[in-house]
Amino acid sequence: MATKTDTSISRRSFLKWSGAATAAAVAGGQAPVLHSLAYTGEKSAGSEPEYHFSACGMCLNKCGLVARVENGIVTKLDPNPKFLKSRGMLCARGNAGTSQLYDPDRLKYPLLRKGERGEGRWQRLSWDQALDLAAEKLTKIGEEYTRCGVLFTPGSDMQSQFVHWFAEVFGSYNVTTHESNCLLSRNRAYLDTFGEVPFADVLHSKYIIMAGANRFESIITPDSIDLMTAMKKGCKLVVLDPRFTKTAALAHEWFPIRPGTDMSFFLAITHVIIHEKLYDEKYAQEKLYGLDKLTEHVKKYSPEWAAKVCDIPAKDIRRIAQELAAAAPAAMIYPGRRTSDYVNSTQIRRAMAIANALLGNWDKPGGLLAARMVGTTGPELPEAPFYDDNPDDRLDHGSAHIMFDEEGSFKHTRDAIIAGKPYPVKGWFTYKINPLQSVANRRKTLEMIDKLDFMLTVDIAMSDTAWMADLVLPAPSYLERQDPAAGLQGSSACACVVTRDPVVPALFESKPVFWILRELAGRMGLEEYFSFTMEEYREQQLRKLPDSERALREDGVYYNPSKLYGIYEGKIYKTKSQKIELYNERYAEMGLDPMPVCKPLRENVPSDRFRMVVGRNAYFTHCTTQNNTLLNELMPENTLWIHPNPAKKLGIRDGDAVVLSSKSGEGELKAELKKGIREDTVYMASGFGVLSEGLTNVFGKGACMAEILEDFTDELSGNMAMHETIVKVARKGAS
Amino acid sequence: MKTQLAMVIDSSSCIDCKACMVSCKVENKVPGGYWRNWVKQREPRFGKIPGAKDPAAQAEGCRTWIIQAPDFDKVKGYGDPGSMHFQPGGCMHCANPACVQACPTGATYKDEKDGTVRLNDKLCIGCGCCIPACPYGARYRHPEKKIVDKCDFCAKRRERGELPACVITCPTKARTFGNINDPESDVARLVKENKTVRVVNEETDTEPNMYYVLTTAPMNWPRKAESPTPIRWWASLAKPLVWAVVGLNALGVLVMFGKQLIIKDEETEK
């Protein structure tokens, strides 16, 4: 069975989905204008556009899309209306995919650094020269410093699994992903409570508390769309956030919580639910572990106590607890995603998970759902070779209490590379990830790069990370390549599979990372591990889904009608007690707080300083799409959100240039006076203040988040803690 | 009944993601710095709303916050003016379009077939009279084509049977599109089932075909339609003449001449 899916669609079937609109007489259209290409030809009269299915690659959601191709040019990306996970939508970033494809700033051929790092002097290489060089350098580091002397950092991409596989056959355990900068603390907390990381059934929920999440701006499908649908059906949304996000704007209630004190709020919620007996006692007896201990534990955490900690009135906390419990089990504390905020983030999220447990919402409509069966299978790959000179563990082993071995911690890995201990790492392979912009404490990342003998970056554009590399290899965009299949969890919307085939051929000399790795493997005597084609790989992935090939071809997506609710009926939880753990025995054994204990903030905000928080908007995917011409227009530079009251004290007016500084570094950007932020907090968007002159739209604009943020980490998971930085703000020129 | 294409917008669904704007920009090749459509926003009114009612809340040392009212002020039938909301818009394809009246060449016209306000590229001399005539700011002068450009409800897409780019891409489906005169259409149903308003300037009601569902209080932003009197007079006189000239194919020369004038003007300005 071949799994290459011809994704071109007949015009008739496309029209059928796009909804019959009234046809009308029109004037002639004009030829596509593509400033990046030498295309000047007029459209030949009467040529029909072609339509191709694909999956968006502008962020991690992989929304189904239909690409329109006219005369070999992708002229428009529209949502695949049959794609349930995204509810048939494409956001601003998805629509701007053409601008990534035809970006004049794209990397066009392999580049070798000639000058000092960051100087921007490059020599064009042929692919053979580049691959020979890379293979030679990686082999040399492997021989000199063991195979673990090379760190691999793949981003979130459908081909990243091949970087993991390459690292494995090359012989390095040192692989860090974006996850230790993102959601590890949430994963830790929910794994250690329910035994599994849940998906939120937002659509069927009647009451949602969202803390540390901004779902209307940080779009996650289907949650963001389902949240609006649920609200239209009467679901109540309560948002706790130090700033007035668009999610806060659309919520029923917004509380500008004191940053870092969410645990107190949720312990008080738990206090009310337990002491007013608002939980289902039968459910608690059957499913929960440690309720007696929790009851005792939260006695002191009354709403009156919490109000003083988190700045939310006691009577509101009590009322919200009562409303939440009344809506249970179709009620939830939204688990969130990026939880890289505080040194105790895992315990903060544990407090939320415990409150969820008391709502009895696990595995139920409107609650927290277990992963559904998608049905894709891992391909059968040969056994990776064993290198007996390798060290015993990862570089960052043991640097946090309960780390995820497969994810590691970027921060701890970086510290270890700088220290050269426990062993030296001298090579770095990055793929579509931008730690120079996204990881707190940029100066340390630069220091780490200084320790390296060889750094190789594969990316689409000259990111700041590519800018610092020795060898930069151009990758094609998601619209130009063949990808593996990807199984997706879509909460109550679906469990589905998507894949990609090239909508148009790859531009310039760009090559997919799969091809690059296979070529490298061939040059390093590892060809037997990369002897498969993408078709064969995909065929293996889909071997247990006989209908998937047809569905992917005809609909651009395959749905597995797997069980959604009641997956845990008659089953045990994957925890030590085999129940939902309010009290975590394993934590107790390790000397950790078995239940979340509210402790003072690591550092209080002095009256002349601010806590810096970061967060998403709907236009940018972390630090990657700011230079996209279409999206850049929506936000050409980042600003510092500051409340008018402290701004007045500092003599800062709206639009003034301000200098923002911390113990890590400093940056200059414009102030934006906002009443919708706490007086003790400032905020800035990510992805500006770039080092790379290869990002022509953003170079010289705004300040870099990674430069300002100090690199604290969550003590339990090793996840980055990005809201622990206290900053000074001054008007530029003011002493 | 005649077809009248229209849009019904539920602003309370809009999350201000700007997908509609980017989708439109790509589809219609709108140049950087210009837009055919938009999302406006009402700034929130921050205050101690619950605190004011409940001094005890302040006694706990709580800071400023707002609580938004989900139950809008039913008396007036408008949404809470204190809450923030996002209001998508674009050309309203008015029934009484001031831009059509302001156009001296007849380039801007009301399409009889579907009720859209259209622009004939070949007739537009780029004089820009229609720009201030639109109370909604829905028109701009295209910097390269040197003619005016605006939303045509994605005529080319509709010709292929596709929905307008802004409608199909919207995550929360805040924009609904169809023939308002067809009682079976989604737009007609929405207007029938909901209280809706049309946002107009008090002095110049152009009878827009964009309806806002009254779940939010629409912002009052349209300006007065401005059409210079001489232009209006000239337009009324010139229009029949212009149409007659079309048949004679002499207009091309006229248009070229006109365009050159405009281009030259702009160059001298630089």
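**Reading the predicted model**

Biologist: Just after H1(B), which residue takes a positive phi of about 50 degrees?
Modeller: This is a predicted model, and the place to look is the stretch that directly follows helix H1 of chain B. Phi takes a positive value of about 50 degrees there, and the residue concerned is Lys29(B).

Biologist: How many of the nine residues of helix H1 of chain B are buried?
Modeller: The helix covers residues 19–27, and its buried residues include Ala19(B), Met21(B) and Val22(B) as well as Lys25(B) and Glu27(B). Helix H1 of chain B is largely enclosed by the rest of the structure, because the number of its residues that are buried is nine of the nine.

Biologist: What average pLDDT does chain B have?
Modeller: In chain B, 69% of the residues score at least 70, but pLDDT stays under 50 over residues 49–81, for which the model has 55 contacts beyond four places in sequence. Over residues 241–270 of chain B the pLDDT is likewise below 50, and that stretch has 18 contacts beyond near neighbours in sequence. The average for chain B is a pLDDT of 78.

Biologist: How far apart are the C-alpha centres of domain 1 and domain 2 of chain A?
Modeller: Domain 1 of chain A takes in 184–371 and 573–589, whereas domain 2 takes in 610–731. Their contact draws 22 residues from domain 1 of chain A and 25 residues from domain 2 of chain A. The C-alpha centres of these two domains are separated by 28 Å.

Biologist: Which element gives the largest share of the side of domain 1 of chain A that touches domain 2 of chain A?
Modeller: The elements that give two or more residues to that side are helix H6 (184–194) and helix H14 (345–359) of chain A. By class, the side has eight nonpolar, ten polar and four charged residues. The largest share is three residues, and it comes from H6(A).

Biologist: What distance separates the end C-alpha atoms of helix H13 of chain A?
Modeller: Among the buried residues of H13(A) are Ile317(A), Ile320(A), Ala321(A) and Leu324(A), and these four are also touched by Ile269(A). What covers the buried residues of H13(A) includes helix H9 (262–275) and strand E13 (331–333) of chain A. At 1.5 Å a residue, the 14 residues of the helix should span 20 Å, which agrees with the distance between its end C-alpha atoms, 20 Å.

Biologist: How many other C-beta atoms lie within 10 Å of Asn441(A)?
Modeller: Asn441(A) has a positive phi of about 70 degrees although it is not a glycine, and its place is in the loop between helix H16 (435–438) and helix H17 (442–450) of chain A. A residue counts as buried if 20 or more other C-beta atoms lie within 10 Å of its own. Asn441(A) is buried, and the number of such atoms is 25.

Definitions and conventions: Residues are numbered from 1 along each chain as its sequence is written. Chains are lettered from A and ligands numbered from 1 in the order in which they are written. This is a predicted model: local features need pLDDT of at least 70, side-chain atom pairs count only at pLDDT 80 or more; totals for chains, interfaces and linings use all residues. pLDDT is the predictor's confidence in each residue, from 0 to 100. Two residues are in contact if their C-beta atoms, placed from the backbone, lie within 7 Å. Domain bounds come from an automatic or database domain assignment. Helices (H or I, at least four residues) and strands (E, at least two) are DSSP runs, numbered from the N terminus. Ala, Val, Leu, Ile, Met, Phe, Trp, Tyr, Cys and Pro count as nonpolar, Asp, Glu, Lys and Arg as charged, and the others, Gly among them, as polar. The expected span of a helix is 1.5 Å times one less than its number of residues. A residue is buried if 20 or more other C-beta atoms lie within 10 Å of its own, exposed if 12 or fewer, and partly exposed in between; C-beta atoms are placed from the backbone.
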